[in-house]
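Visitor: Hi! Could you walk me through this one?
Guide: Happy to; here it is.

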Amino acid sequence: MRYQSQQVAWLFFAGAMVLFLAQVLFGVLAGLIYVYPNFLSELLPFNIIRMIHTNALIVWLLLGFFGGTYYLLPEETERELFSVRLAQLQFWIFFLAAAAAVVGYLLGIHEGREFLEQPTWVKVAITISVLLFLFNVSMTLFKGRKTATAQVLLLGLWGAAIFFLFAFYNPSNLVLDKLYWWWVVHIWVEGVWELIMAGILAFLLIKVTGVDREVIEKWLYVIVGLSLFTGLLGTGHHYYWIGAPGYWQWVGSIFSAVEIVPFFAMVLWAFYLVYQGRRDHPNKAALLWCLGCPTVAFFGAGVWGFMHTLSPINYYTHGTQVTAAHGHLAFYGAYVMLNLAIITYAMPNLRGLQPFNQVLNMWSFWLMTSAMAFMTFTLTFAGVVQTHLQRVMGMSYMEVQDQLTLFYWMRLGAGVFVVVGAILFIYAVYGPVREQLTVQEAQAQPAE
Amino acid sequence: MGEGLTRAAARNIFYGGSLFFFVVFALLVAHSHYYAASSSIDVVGLNDAVVRGKRVWERHACINCHTILGEGAYFAPELGNVWLRYGGADDPAGAKDALTAWFQSMPSGVEGRRQMPNFNLSEQDMSDLIDFLAWVSRIKTQGWPPNEAG
């Protein structure tokens, strides 16, 4: 670690891990209720549990993005962060607002639009915190070296903040409500967040492969270009059945079908660069996450997204467990694995150690990734059965759900393994150091 | 690999192309906004009761179990067409009574069956919420869902 101010990333990564744990625990709780529907039903209804599951996910991913940005920006701009104190202040506003939101949910205090359930004052606090963050990192970039990696990352972060403002607009016409709700939800995860993902991956690939920045950043622009060229009009795949005009079936089908291309390009990019790499970086666990992230994102977001994105297919699958399957693997591959990659890369430097506990870390990678894959398969099978029975045969919703119990049991099992994997990861990265590369080993392989 | 393309050219294509596609997207959404405000909904029917009903819907986070027009959680039935499932098109009074009775009888407490909480809705809340659901069932959704099961 070359810059003292990078140390502030530690705080964000720690906060992220607390909420990561909350997210997966509430996920298992929700999965348990699918098979024991009476469990907790009087005390803590399913809607609150799911709200915490999804909100904790979004908030910890954002904390990871903030931490990752604070970590990489000094190295990219070749100067200290504009203000460490501002970063700390911004962290605590964000973290306490998120914690207050979760406690509020448990007490039944919430709004009612999916993923945007935060009470208005929490939304305002989040906005203030994000603006402080953007001011801090933009000033750092403004005064320092302006690399393409940093610029793409910051563009993604600014985009995320700007499109979040649509969360404050809630028209009483449900169709308009949905039209702009997607400006937050879709344009985040299939638009500007892909810029954040590609930016952080570019930084990691430059570090672990040692390939010339010029080459990596050229392809970075190609990838983020493909993301937005396809992703913006790809929003149309959410406009098929909500009361929007019929042309979205054409626009959405065509553009969202090619949303798979940037994800495939990211896989090629990462593997090609590692193949070309002159450097044998000692942090093998970080390398594994760097390759795993685009690969699982390609399957989760790309393949599983494509599977039900064409409007004649989506007509039958819309709002079934197929959507749930896609959502789980896409978020895990694209954004969870991205954060775990930057954390795995950064933590040895933040703790002033050589890469440590790498075997344990890689175990957590395989455990979590195979459990998420299994969960996705079970939900996909559940979704296919549901689509046929309910949408083709016309059986009633609850009758169909009774047919899916076996799949929900297997999903619960997969969820338990995800929790074990998450705990293993946190222990490997934050826990006691059991094995560490010696300085000689690390120096034999020049790297930073 | 791609020697003909420089980083500067790739950057310009990214910024120019993204701006272009954003403008196209924004124009289409502007048209869709107009369409959604005038053509696909029951404009006259969007009265105070329906607006209040949407607030009831949000206050109790119904969307974190149910779906509405296919969006939401997938834990409980689709409600975009619940009004039609209850026969509201032919017998509005009967459907309203049946839905009110449903809210009041929750939770069912049946073992092994998903439980909907009792939200202690007032008469006014129930009436508004049902008006909202009835209004939603009249949105022109390009023929979705495929059948009454939702």
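Guide: What follows is a chat about aromatic rings, the core, the interface and some backbone details.

Visitor: What should I know before we start?
Guide: This is a predicted model: local features need pLDDT of at least 70, side-chain atom pairs count only at pLDDT 80 or more, and totals for chains, interfaces and linings use all residues. Residues are numbered from 1 along each chain as its sequence is written, chains are lettered from A and ligands numbered from 1 in the order in which they are written, and side-chain values use heavy atoms, leaving out hydrogens and water.

Visitor: Rings, then. How many aromatic pairs are there over all chains?
Guide: There are 58. A pair here means rings of Phe, Tyr or Trp (its six-membered ring) with centres within 6.5 Å; planes under 30 degrees apart are stacked, over 60 edge-to-face, and the rest tilted. Take Phe12(A) and Phe66(A): their ring centres are 6.3 Å apart with planes at 90°, so this pair is edge-to-face. The pair links distant parts of the chain, with Phe12(A) in helix α1 (residues 9-35) and Phe66(A) in helix α2 (residues 46-77) of chain A, 54 residues apart. Helices (H or I, at least four residues) and strands (E, at least two) are DSSP runs numbered from the N terminus.

Visitor: Which charged residue lies over the face of Tyr34(A)?
Guide: That's Arg411(A), at 4.5 Å from the ring centre. In chain B, Arg114(B) lies over the face of Phe75(B), at 4.7 Å from the ring centre. The test is NZ of Lys or CZ of Arg within 6 Å of the ring centre and within 35 degrees of the ring normal.

Visitor: Switching topic: which residues touch the most other members of the largest nonpolar core?
Guide: Among them are Trp60(A), Trp188(A), Trp193(A) and Trp269(A), in a core of 199 residues. Helix α6 (residues 174-209) of chain A gives the largest share, 27 residues. Such a core is a set of buried Ala, Val, Leu, Ile, Met, Phe, Trp, Tyr and Cys residues joined through side-chain atoms within 4.5 Å.

Visitor: What does Trp193(A) contact?
Guide: Leaving aside neighbours within four places in sequence, its contacts include Ile58(A), Phe65(A), Ala160(A), Phe331(A) and Tyr335(A). Contact means heavy atoms within 4.5 Å.

Visitor: And how many residues of chain B are in contact with chain A?
Guide: 73 residues of chain B are in contact with 84 of chain A. The two chains bury about 6,700 Å² between them, 64% of it on carbon and sulfur atoms. That is the accessible area (1.4 Å probe) that two parts lose on being put together, summed over both. On the chain B side, Arg7(B), Phe25(B) and Tyr74(B) lose the most area to chain A, together 12% of what that side buries.

Visitor: Where else does Phe25(B) turn up?
Guide: Phe25(B) is one of the buried residues of α1(B). What covers the buried residues of that helix includes α5 (148-164), α6, α7 (213-234) and α8 (248-257) of chain A. Phe25(B) also belongs to an aromatic cluster that includes Phe22(B), Trp183(A) and Tyr239(A).

Visitor: Last topic, backbone. Where are the cis peptide bonds?
Guide: One joins Met106(B) and Pro107(B), with omega about -5°, and another joins Trp144(B) and Pro145(B), with omega about 0°. Pro107(B) lies in the loop between α4 (92-105) and α5 (123-136) of chain B, and Pro145(B) in the segment after α5 of chain B.

Visitor: And which non-glycine residues have positive phi?
Guide: Ala61(B), with phi near 50°, and Asn120(B), with phi about 50°, are examples. Ala61(B) is buried, with a relative accessible area of 1%, whereas Asn120(B) is exposed at 66%.

Key: Buried means under 20% relative accessible area, exposed over 50%, partly exposed in between (1.4 Å probe, protein chains only).
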